[in-house]
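I opened this entry to look up the nonpolar cores, the aromatic rings and the strand pairing. My notes follow in that order.

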Amino acid sequence: MKKYLHLAIVPLTLAMACFYAPAAKSQAIQIGNEERTVFEVGINIGPSFFLGDLGGNRGEGTRFIKDVNLSLTKWMKGAYVTVYPNDWLGVRAAAQFGKLEGNDEIINPKGGEELFRKQRNLDFRTNLFEAYVAAEVYPLQLLLNRYGDYNPRLKPYGVIGVGMYKYNPQGSLTDANGNQTWYYLKPLHLEGQGFAEYPDRKEYSLTQINIPMGVGAKYQLTEKVNLSLEILLRKSFNDYVDDVSTTYIDPALYDKYLSPQNAVIARKISDKMINTLYVPGATRFAAGEQRGNPNQNDSWFTTFLKIGWKLNAASSELKRMRCPARF
């Protein structure tokens, strides 16, 4: 994970540089001879959507909005603190908690490449905790301040940063009576992670680095209160958020490496083929056949509604605001 730490350099360097930019127009407020930087605290809530190997829609599986399954929508909520050293940049620290889910069973087959995923019949769910630091950039503030006191109520912005997340995927088995039981997947090594027969498949960590990036728009309701709508995508460097990445393995290896109890579960949960679609009459996929796509890492995105409070906003700030004329 250390090799990804350099990714923090860009947003953090940008943020630190702007604290010391002498020509920047400050968003700080003046109280007597003292100038204060504006701080904002807030909360956010919104739906989260998983983009990985499991689930999806018609055609080849992707990590794009085409394969969003609305029926698996989960919710994420959190809080943030943002420091505004000037009026076109914010430095945000945030943390949030939510869930992600993927399921092949819900795919509606159309006779195309999605049949493989429907036949595969795998599922997962996980709780997710994430924290990150990011730069908020308000491009119109940066570009149009030179034309006067440009301070609209509605302000579009972009976000990019670096973060970490913790997860722990589970998969399910359903018995003959329809009772569903969930099992943690990492201890089952379903694709041979850590097995001597697969030296290139290392055990994955449940704590990972990601890159949050997105766009939003903020509307100032009062001097101290604002509302924002933000779409935030997480680019990960991990293809095991859903515990699916490469190929099926010989199930005899579970007996070799796992406890008897885990070996029984791993045999059942690693391959839950449906006998009626992709390979009629087959009972399971052969070792070496495709299980996931290792060429695309998992990701997810959220659509947040945010409410923020400025802790030391100037009482005259709202009077200077207006509806933007340049839209």
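**Cores**

I looked up the largest nonpolar core: it has 25 residues, and those with the most contacts inside it are Leu100, Phe124, Leu128, Tyr165, Tyr167, Val241 and Trp300. I keep in mind that the model is predicted.

**Aromatic pairs**

I searched the whole structure and got 11 aromatic pairs. I took Tyr84 and Tyr138 as one entry. Their ring centres lie 6.4 Å apart, with 55° between the planes. Stacked pairs need planes under 30 degrees apart and edge-to-face pairs over 60, and this pair is listed as tilted. Where do Tyr84 and Tyr138 lie? Tyr84 is in strand E4, while Tyr138 is in the loop between E6 and helix H3 (139-144). The pair therefore ties together parts that are 54 residues apart in sequence. I checked burial next. Tyr84 is buried, at 3% relative accessible area. Tyr138 also counts as buried, with a relative accessibility of 3%.

My next entry was Tyr204 with Tyr240. The ring centres are 4.9 Å apart and the planes are at 10°, so I noted the pair as stacked. This pair links distant parts of the chain, 36 residues apart. Tyr204 sits in the loop between strand E9 (180-184) and strand E10 (207-220). Tyr240 sits in the loop between strand E11 (225-236) and helix H4 (252-257). Are Tyr204 and Tyr240 buried or exposed? Both are buried.

Tyr204 and Tyr240 form one aromatic cluster with Tyr165, Tyr167 and Trp300. Tyr165, Tyr167 and Trp300 were already in my list of residues with the most contacts inside the largest core.

**Charges over rings**

I looked for lysines over ring faces. Lys186 lies over the face of Tyr204, 5.9 Å from the ring centre. Lys306 lies over the face of Tyr80, and here the distance to the ring centre is 4.3 Å.

**Strand pairing**

E5 and E6 run antiparallel and are joined by 15 bridges. Gly98 stands opposite Leu128 in E6. Leu128 is also among the residues with the most contacts inside the largest core. E6 and E7 run antiparallel too, with 10 bridges. Ala135 has Ile160 in E7 as its bridge partner.

Methods
Residues are numbered from 1 along each chain as its sequence is written. This is a predicted model: local features need pLDDT of at least 70, side-chain atom pairs count only at pLDDT 80 or more; totals for chains, interfaces and linings use all residues. Side-chain values use heavy atoms; hydrogens and water are left out. A nonpolar core is a set of buried Ala, Val, Leu, Ile, Met, Phe, Trp, Tyr and Cys residues joined through side-chain atoms within 4.5 Å. Buried means under 20% relative accessible area, exposed over 50%, partly exposed in between (1.4 Å probe, protein chains only). Rings of Phe, Tyr and Trp (its six-membered ring) pair if their centres lie within 6.5 Å; planes under 30 degrees apart count as stacked, over 60 as edge-to-face and the rest as tilted. Helices (H or I, at least four residues) and strands (E, at least two) are DSSP runs, numbered from the N terminus. A charge sits over a ring if NZ of Lys or CZ of Arg is within 6 Å of the ring centre and within 35 degrees of the ring normal. Two strands pair if DSSP finds at least two bridges between them.
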